[in-house]
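Welcome to this short briefing. Take a moment to look over the model below, then read on for a guided tour by topic.

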Amino acid sequence: MQLLLIRHALPVPSRVSEGRADPALADEGHVQAARLPDALAPYRIRRIFSSPQRRALETAAPLAVKRDLPVEQIDDLAEYDYDLDHYIPFHEARELAPAAFERIRAGLLPDFVDEAAFRTRVCRGIDRIVDECAHEDTVAVVAHGGVVNILLQDILGLARPLEFPVEYTSVTRVLFSRNGARRAASINETGHVRDLLRI
């Protein structure tokens, strides 16, 4: 089975007085998401899964419309910030949340995250997809940078949980063999949004 792991597109900053912050995509994020159907045209995608967070669902929407497939939500694919009352896009965090920014740049999760619990949840969500899909399927999974990184850490045996700078709307391909072996075929493909990346 082939998993196309897609990080959501660029969202707007968000802060709420109660409950969870669940930001929508920025205008630029909608442009990024609109490029996914053409970028993924070579793949015979059978199912589309998504984190329950709005920025992931809105990123998945153009692909779902193009392929005439439903978007199946999996709560275990939510980002580590799921319960926070605020969201700060990473490029703004250098000024607004410098401590968290430096930890992430160093490949570490923010200090409020239970790394073991997050890894267990993400791997459980991915295992559910693998169990539910046929071996010959290609499936798209729209999630988050932390989710993609945690899976790569688990597959590659990396020391740090945020080893890769996973860009907005990037595609990471992971292959699953019948015997349970997993292999990262590509990481952070961004050709379709190269002109929209924030450096």
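What volume does the second largest pocket have? The second largest pocket has a volume of about 210 Å³. This is a predicted model, in which local features need pLDDT of at least 70 and side-chain atom pairs count only at pLDDT 80 or more, while totals for chains, interfaces and linings use all residues. Residues are numbered from 1 along each chain as its sequence is written, and side-chain values use heavy atoms, with hydrogens and water left out.

**Pockets**

- A pocket is found on a 1 Å grid over the protein atoms alone: it is an open set of points where a 1.4 Å probe fits, with protein on both sides within 12 Å along at least five of seven lines, and its lining residues have an atom within 4 Å of a point.
- A volume is the space filled by probe spheres set on the points, with grid points joined across faces, edges and corners.
- The largest pocket holds about 1,000 Å³ of space.
- Its lining has 42 residues, and R7, P89, F90, H91 and I104 lie nearest the centre.
- Two or more lining residues come from each of α1 (27-34), β5 (86-87), α4 (90-96), α5 (98-105) and α7; helices (H or I, at least four residues) and strands (E, at least two) are DSSP runs, numbered from the N terminus.
- By class, this lining has 23 nonpolar, 8 polar and 11 charged residues. Here Ala, Val, Leu, Ile, Met, Phe, Trp, Tyr, Cys and Pro count as nonpolar, Asp, Glu, Lys and Arg as charged, and the others, Gly among them, as polar.
- The second largest pocket is lined by 14 residues, with E79, Y80, Y82, D83 and R121 nearest its centre. That lining divides into 8 nonpolar, no polar and 6 charged residues.

**Nonpolar cores**

- A nonpolar core is a set of buried Ala, Val, Leu, Ile, Met, Phe, Trp, Tyr and Cys residues joined through side-chain atoms within 4.5 Å. Buried means under 20% relative accessible area, exposed over 50%, and partly exposed in between (1.4 Å probe, protein chains only).
- The largest core has 27 residues, and those with the most contacts inside it are L3, L5, F118, I126, I129, V139 and V141.
- At least two residues of this core come from each of β1 (2-7), α6 (115-132), β6 (138-143), α7 (145-156) and β7 (171-176), and α7 gives the most, with 6 residues.
- Leaving aside neighbours within four places in sequence, I129 is in contact (heavy atoms within 4.5 Å) with M1, L3, F49, I74, L77, V139 and V141.
- A second, separate core has 14 residues, including I6, L63, A140 and V171.

**Cysteines**

- How many disulfides does the structure hold? It holds 0 disulfides, where a disulfide is a pair of cysteine sulfur atoms within 2.5 Å.
- C123 is buried, at 15% relative accessible area, and C133 counts as buried at 10%.

**Two buried residues**

- S14 sits in strand β2 (residues 14-15) and counts as buried, at 18% relative accessibility. Apart from neighbours within four places in sequence, S14 is in contact with A21, D22, P23, D85, H86 and Y87.
- D137 lies in the loop between α6 and β6 and counts as buried, at 12% relative accessibility.
- D137 and Q2 are 135 residues apart in sequence, but 6.5 Å apart in space, C-alpha to C-alpha. Not counting residues up to four places away in sequence, D137 touches M1, Q2 and R46.
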